[in-house]
Amino acid sequence: MSVDQNFGQAFRSSFREFFGEEGESDWEIYDLISNEELIGNTWMTFTVRNPLAGRALVFRYDTTEHRFYAFLKVQVIPGEEDWNLDQLFKKKGYTELDSAEVINESGEWLFHSLARHYFSIILSFCPRILEPDFVLD
């Protein structure tokens with residue numbers, strides 16, 4: 001299995017393990033892969049988005065630099081803010097590990113380890129992270 005297939009599959013299966021099927025949560029999940037021929041480098045993203053909340057979790061792996069990024073994207077007027085999940089989770093005391101430490105300890109299960117790390121923190125400490133701030137009737 002290629003790296004890009006493994007990335008999306010690892011995050012998708014971990015999402016289902018922690019949160020159930022996509023349709024049960026009303027969250028949208030999707031993964032994207034860059035086109036190296038067009039932009040000169042490759043990256044992969046896995047996104048969990050609640051269209052009613054204006055927030056999304058975005059996990060990105062840059063295969064050129066071998067770097068991983070995890071963000072909470074928040075829609076604000078007039079644009080968008082990116083909150084680094086590693087910094088946010090450490091600041092709140094949810095974990096001492098960041099993505100670099102998870103990568104060093106993961107071995108061949110790199111993407112599964114990253115997905116399980118973030119989804120377990122979200123489920124344990126902030127399961128409502130993508131819920132709407134209010135519900136329209």
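## Close-up views of a predicted model

At 57% relative accessibility, H66 counts as exposed (exposed means over 50% relative accessible area, buried under 20%, and partly exposed in between, with a 1.4 Å probe and protein chains only). This is a predicted model, in which local features need pLDDT of at least 70 and side-chain atom pairs count only at pLDDT 80 or more, while totals for chains, interfaces and linings use all residues. Residues are numbered from 1 along each chain as its sequence is written, and side-chain values use heavy atoms, leaving out hydrogens and water.

**View 1. H66 sits in the loop between strand 3 and strand 4.** Helices (H or I, at least four residues) and strands (E, at least two) are DSSP runs, numbered from the N terminus. Most residues other than glycine have a negative phi. H66 is not a glycine, yet its phi is positive, at about 55°.

**View 2. The largest pocket holds about 190 Å³ of space.** Here is how a pocket is found: on a 1 Å grid over the protein atoms alone, it is an open set of points where a 1.4 Å probe fits, with protein on both sides within 12 Å along at least five of seven lines, and lining residues have an atom within 4 Å of a point. Grid points are joined across faces, edges and corners, and the volume is the space filled by probe spheres set on the points. H66 is part of the lining, and other lining residues include F68, Y69, N84, D98, S99 and I103. Strand 4 and helix 5 are the elements that give two or more residues to this lining, and strand 4 supplies the largest share, 5 residues. By type, the lining divides into 6 nonpolar, 3 polar and 3 charged residues (Ala, Val, Leu, Ile, Met, Phe, Trp, Tyr, Cys and Pro count as nonpolar, Asp, Glu, Lys and Arg as charged, and the others, Gly among them, as polar).

**View 3. Helix 5 (residues 99-106) has S99, V102 and S106 buried.** Seen down the helix axis, these buried residues fall within an arc of 60°, so they line one face of helix 5 (the arc is that of the directions from the axis to the C-beta atoms). An α-helix has 3.6 residues a turn, so residues three or four places apart point the same way. Which exposed residues does the face of helix 5 turned away from its buried side carry? Look for N104 and E105 there. The cover over the buried residues includes strand 4 (67-76), helix 4 (85-92) and helix 6 (110-125); contact means heavy atoms within 4.5 Å.

**View 4. D98 caps the N-terminal end of helix 5.** A side-chain oxygen of D98 lies 3.2 Å from the backbone nitrogen of A100. Just after helix 5, G107 takes a positive phi of about 70°.

**View 5. G54 is found in the loop between strand 2 and strand 3.** With a relative accessible area of 25%, G54 is partly exposed. Although G54 and Q75 are 21 residues apart in sequence, their C-alpha atoms are 5.1 Å apart in space. Not counting residues up to four places away in sequence, G54 touches K73, V74 and Q75.

**View 6. S14 has its place in helix 1 (residues 3-19).** Is S14 buried or exposed? At 2% relative accessibility, S14 counts as buried. Leaving aside neighbours within four places in sequence, S14 is in contact with H112, A115, R116 and F119.

Conventions:
Polar contact = N/O pair within 3.5 Å; in protein donor to acceptor, adjacent residues only side chain to side chain.
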